[in-house]
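Trainee: Please take a close look at one part of this model. How is it put together, piece by piece?

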Amino acid sequence: VQLQASGGGLVQTGDSLRLSCAASGRTFSTGAMAWFRQAPGKEREFVAFITWSGGNQAYADSVKGRFTISRDNAKNTLSLQMNDLRPEDTAVYYCAASNSRSMRPSAYNYWGQGTQVTVSS
């Protein structure tokens with residue numbers, strides 16, 4: 001699976017941004033696709049995942065109610081709609097794919113290159 005993330009940028013507090021991840025190659029009938037993020041000097045942390053069928057989603061508490069993960073299987077794309085952005089959301093955002101559903105980065109075998117999101121106060 002090859003993943004290509006895009007859509008990052010510089011925004012102000014309270015703004016919205018939509019990230020996209022284009023997937024190509026092998027796909028799985030089970031497991032999940034996810035977004036993780038990594039701020040400077042911090043470990044990579046879970047943001048959200050969605051199962052391949054789209055029937056199940058999970059979010060980190062820090063983004064619940066503000067971010068929405070979705071997928072379009074016909075277009076092989078994963079999206080993350082981010083609303084009410086805060087400075088603490090500043091990070092490099094990565095999309096990832098796995099044949100299992102998990103909040104742990106180690107469970108994901110395939111990663112996109114990352115896209116920078118910067119939220120100014």
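**Strand β11 and its surroundings**

Mentor: Strand β9 (residues 91-98) pairs with β11 in the antiparallel sense, over 3 bridges. Strands here are DSSP runs (E, at least two residues), numbered from the N terminus. Two strands pair if DSSP finds at least two bridges between them. This is a predicted model: local features need pLDDT of at least 70, side-chain atom pairs count only at pLDDT 80 or more, and totals for chains, interfaces and linings use all residues. Residues are numbered from 1 along each chain as its sequence is written, and side-chain values use heavy atoms, with hydrogens and water left out.

Back to the strand. V92 has Q116 as its bridge partner in β11. Strand β2 (residues 9-12) also pairs with β11, in the parallel sense, over 4 bridges. There, Q12 stands opposite S120.

Now the side chains of β11, residues 115-120. They alternate. T115, V117 and V119 point to one face and are buried. Buried means under 20% relative accessible area, exposed over 50%, and partly exposed in between (1.4 Å probe, protein chains only).

A disulfide is a pair of cysteine sulfur atoms within 2.5 Å. By this rule the count is 1. C21 is joined to C95, S to S 2.2 Å. C21 lies in strand β3 (residues 17-24) and C95 in strand β9, so the pair links distant parts of the chain, 74 residues apart. The S-S torsion is about 65 degrees, so the disulfide is right-handed. C21 is buried at 1% relative accessible area. C95 is buried too, at 0%.
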